Amino acid sequence: MCDKCKGKFYMTTAIAYTSGKPHIGNTYEIVLADSIARYKRLEGYDVFFQTGTDEHGQKIELKAQEAGISPKDYVDKVAAQVKDIWDMMNSSYDKFIRTTDTDHEKQVQRIFKKLYDQGDIYKGHYEGLYCTPCESFFTESQLVDGKCPDCGREVVPAKEEAYFFKMSKYADRLIEHINSHPEFIQPVSRKNEMMNNFLLPGLQDLCVSRTSFTWGIPVDFDSRHVVYVWLDALTNYITGIGYNCGGESTEQFQKDWPADLHLIGKDIIRFHTIYWPIFLMALDLPLPKQIFGHPWLLQGGEKMSKSKGNVIYADDMKELFGVDATRYFVLHEMPFENDGIITWELVVERFNSDLANILGNLVSRTISMSNKYFDGVVKRTGVSEEVDENLKEVAVSARDKIAQKMEGLRVADAITEVFNVFRRCNKYIDETMPWALAKEESKRERLSEVLYNLTEAITIGASLLSSFLPETAEKIVSQLNTSLRTFGELNRFGLYPDGNRVTEKPEILFARLDVKEIMPKVEAIREAQKKEFEAEQRALGLELPDEENAGDGNEEVIDIEAKDEITYEDFMKLQLQVGEIIACEEVPKSKKLLCSKVRIGSQVKQIVSGIKAHYTPQEMVGKKVMVLVNLKPAKLAGVLSEGMLLCAEDAKGELSLMVPEKKMPSGAEIS
């Protein structure tokens, strides 16, 4: 499938933490990585693609206790579940590593001992605030609103004996590397965050062992300690390809290291761009070439919760839409840098508009016309017209446009370029009107040329699509009775075999969906999630949250100073509507302001709000909010604001956006 080998390309995902079943946001990463790996193979690289599971730590020990089984039995079950989902999504990884693998554990012990012997690790005591889900210690100043800065959960005071790594010893060297290798951390915003928030203020020594739990790799020279999660988990990237600490590493390690790409979620960017490079420096190993912190996929702007029944899992999406439709949505809808939004309704909309209409209908029409007019034979006649040239240009230029997008890891943009080929084919049908040509015998050779051009352009498009929707690409070329093109063939038009015959009856690639039929199935999924959550709570002896009657009558109340009375006519002057926040960013040089793009019906307004201390831009995107629409525009910090977002404020000055209680469309009037 690929041309002359361009060299090695070693890439990894973050290894999935085995605390539970991964949701669609977690699954997005493996699909994204798979599309990059497949594309690199298409380009001609010798790709080694590694993924796996992170299986140690206090959180897993507690989960296993709750389940009444051993930690190993617990992680065996979850790791199998993760692997099943990765396989279900047709991911083409070369190795699935588990941190409970014997060879990995052995190397982690050797690495720990080497770093201790050379003075990078020392024993001490740690006292601080600990977040169990993140398995991280924090100081008071690092907390956000008194909670974990990474996940927002509660932290607890903790003190224990521990080994520490001297991070500051390598900090200056890492800063120099980041400054001299601008491609090292991507996107650039992640680099700026790491430099300004962590490296430049000065690094604290890192806790690398624990004594308060036992589910971890033992420190072999001090049995009270287990290796702390990050020194264990991060080293999978080298142990998985044959690194041997203190011995001779494998040929694969010699060939593949350093990694060409670590693909990770933005929430663990600090561990991969600060801790991991410093560990490698201490081991005298080269640093990875690039670390890309991708954004998150958010469920309609709402936090996913099994108690609400709003968690979206890949297997549920696969049952309703199929594997490739699921792959298409998560790849196409995720921006390069900002968080993406997923809702069941939006998936149906994209399925129908892009997959069924633009692609599926195009393939079906083309094959059907070849069968109707020429008994399925696709033949060149040379009867060309000027309109053909633009179709050919769009088809053959797509390869290099996609290559440029993929080089920058702009996968969503690359898919858009692929679909531009299919869009151009549909336009070509409208321009050439094959059904009209078929009515005139004198136009028969022209009709044959038109159908040949369509078949050839679709073949090119399918070959370009193969990295992203591999099953669909194979189905398309199978129906066209041809094969996927190599990278070197994708900028040439006219390679489809002259006189070839397409399939007699086209397979429907994506049948249009009715959202009214999908949503009852979604409701069934939600109810099943709620019941599963309730069963888990009961098994643990925990009370169920009473979501409908959350208030107990004893909540804090606030009285504010009364304003002058207004008339009904005064109120009617206010235009209040529901708006959907579709984009949000910080206002430069402002400590308080966020700038939101708010869709209100068919229009989009820019609204500046002083809520930066209460919401991040990522939290804002996707929210349905109440908007004062007809407020006179004004400039705040030099930025135009065209309305106002309505908020409630408590006695402590905490703000909460006013949101509709029930699902409401953007533009709905508030009265």
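User: Where's the place of Pro 187?

Analyst: Pro 187 sits in the loop between β8 (185–186) and α6 (188–199). Keep in mind that this is a predicted model.

User: OK. And the peptide bond from Gln 186 to Pro 187, is that cis or trans?

Analyst: That bond is cis, with omega near -10 degrees.

User: What about the peptide bond from Trp 257 to Pro 258, cis or trans?

Analyst: The bond from Trp 257 to Pro 258 is cis, and omega is near 10 degrees there. As for location, Pro 258 lies in the loop between α9 (251–256) and β12 (261–265).

User: Let's do strands, then. In what order do the 4 strands of the open sheet come?

Analyst: The order is β6-β5-β7-β9, and the pairing is antiparallel.

User: Which ones are the edge strands?

Analyst: Those are β6 (136–138) and β9 (206–207), each of which pairs on one side only.

User: How do strands of a sheet pair, anyway?

Analyst: Through backbone hydrogen bonds, either parallel or antiparallel.

User: Switching to helices. At what angle do α14 and α17 pack?

Analyst: Helix α14 (residues 386–407) and helix α17 (residues 444–465) pack at about 10 degrees, with their axes 10 Å apart. Angles under 35 degrees count as roughly parallel, so α14 is roughly parallel to α17.

User: Which residues of α14 and α17 meet?

Analyst: On the α14 side they include Val 387, Leu 391, Ala 395 and Ile 402, and on the α17 side Asn 453, Ala 457, Ile 460 and Leu 464 are among them. By class, the contact of α14 with α17 has 8 nonpolar, 1 polar and 5 charged residues.

User: How do α13 and α15 pack?

Analyst: Helix α13 (residues 344–374) and helix α15 (residues 411–432) pack at about 50 degrees, with their axes 10 Å apart. That makes α13 oblique to α15.

User: Is the crossing of α13 and α15 left-handed or right-handed?

Analyst: The crossing of α13 and α15 is left-handed. Residues making the contact include Leu 355, Ile 358, Leu 362 and Met 369 of α13, along with Phe 419, Phe 422 and Ile 429 of α15. The contact of α13 with α15 divides into 9 nonpolar, 3 polar and 4 charged residues.

User: Where is the pLDDT below 50?

Analyst: Over residues 547–555, a stretch that has 3 contacts in the model beyond near neighbours in sequence. Where pLDDT is low, the predicted coordinates should not be read in detail.

Methods
Residues are numbered from 1 along each chain as its sequence is written. This is a predicted model: local features need pLDDT of at least 70, side-chain atom pairs count only at pLDDT 80 or more; totals for chains, interfaces and linings use all residues. Side-chain values use heavy atoms; hydrogens and water are left out. Axes are lines fitted to C-alpha atoms, for helices over the stretch in contact, and angles run from 0 to 180 degrees between N-to-C directions. Helices (H or I, at least four residues) and strands (E, at least two) are DSSP runs, numbered from the N terminus. Angles under 35 degrees count as roughly parallel, over 145 as roughly antiparallel, 65 to 115 as roughly perpendicular and the rest as oblique. Contact means heavy atoms within 4.5 Å. Ala, Val, Leu, Ile, Met, Phe, Trp, Tyr, Cys and Pro count as nonpolar, Asp, Glu, Lys and Arg as charged, and the others, Gly among them, as polar. Two strands pair if DSSP finds at least two bridges between them. pLDDT is the predictor's confidence in each residue, from 0 to 100. A crossing is left-handed if the near helix is turned anticlockwise from the far one by less than a right angle, and right-handed if clockwise.
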